[in-house]
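Reader: I would like to learn how to read a protein model. Can we take it feature by feature?

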Amino acid sequence: MRISGRLTMDTIGASFAESMQPLEGKDWTVDLAQVEAADSAAVSMLLGWLRNAQRHQAKLTFVNVPENLRSLAALYGVADALPLNQPSH
């Protein structure tokens, strides 16, 4: 799944709602390479996705996470809780 655009408090509502559908035990990779901007709402959204995946025994991995989003996750002390893989090459 590819996420693009802005992940901010102003834009995240629809994306979050759409993403909370049951994951049904699958492995999901979320590519964030096309994310243009992110704020604390993006960190909250990723944590919500992770909780949803855990509830449905699904594996969730985030790839190509923008550096500012990694920094925000570290700032809030949740970087270790999120599966933030290094950029793909």
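Author: Start with contact, which means heavy atoms within 4.5 Å. V65 touches L32, R70 and L84, leaving out residues up to four places away in sequence.

Reader: What should I know about the model itself?

Author: This is a predicted model: local features need pLDDT of at least 70, side-chain atom pairs count only at pLDDT 80 or more, and totals for chains, interfaces and linings use all residues. Residues are numbered from 1 along each chain as its sequence is written, and side-chain values use heavy atoms, with hydrogens and water left out.

Reader: How many helices and strands does the protein have?

Author: Helices (H or I, at least four residues) and strands (E, at least two) are DSSP runs, numbered from the N terminus. This protein has three helices and three strands. From the N terminus on, they run β-α-β-α-β-α.

Reader: Where does V65 lie, and is V65 buried or exposed?

Author: Buried means under 20% relative accessible area, exposed over 50%, and partly exposed in between (1.4 Å probe, protein chains only). V65 lies in the loop between β3 (59-63) and α3. V65 has a relative accessible area of 5%, so V65 is buried. V65 and L32 are 33 residues apart in sequence, yet 5.2 Å apart in space, C-alpha to C-alpha. Of the 89 residues of the protein, 44% count as buried.

Reader: In which order do the strands of the sheet stand?

Author: Strands of a sheet pair through backbone hydrogen bonds, either parallel or antiparallel. Two strands count as paired if DSSP finds at least two bridges between them. Here, an open sheet of three strands has the order β1-β2-β3, with parallel pairing. β1 (2-7) and β3 stand at the edges, each with a single partner strand, so one side of each has no neighbour in the sheet.

Reader: Which residues are bridge partners?

Author: β1 and β2 pair over five bridges. R2 has D31 in β2 as its bridge partner. Strand β2 (residues 27-38) and β3 also pair over five bridges. There, W28 has L60 in β3 as its partner, and D31 stands opposite V63 in β3.

Reader: What packs on the sheet?

Author: For angles, axes are lines fitted to C-alpha atoms, for helices over the stretch in contact, and angles run from 0 to 180 degrees between N-to-C directions. α2 packs on the sheet and touches β1, β2 and β3. The direction of α2 makes about 155 degrees with that of β3.

Reader: How do α2 and α3 cross?

Author: Angles under 35 degrees count as roughly parallel, over 145 as roughly antiparallel, 65 to 115 as roughly perpendicular and the rest as oblique. The axes of α2 (residues 40-55) and α3 (residues 67-75) come within 9 Å and cross at roughly 75 degrees. Therefore α2 is roughly perpendicular to α3. S40, A42, V43 and L46 in α2 meet L69, L72 and A73 in α3.

Reader: Which rings form an aromatic pair?

Author: Rings of Phe, Tyr and Trp (its six-membered ring) pair if their centres lie within 6.5 Å; planes under 30 degrees apart count as stacked, over 60 as edge-to-face and the rest as tilted. The count comes to one aromatic pair. W49 and F62 form this stacked pair, 6.3 Å centre to centre, with 20 degrees between the planes. W49 is in helix α2 and F62 in strand β3, 13 residues apart. W49 and F62 are buried.
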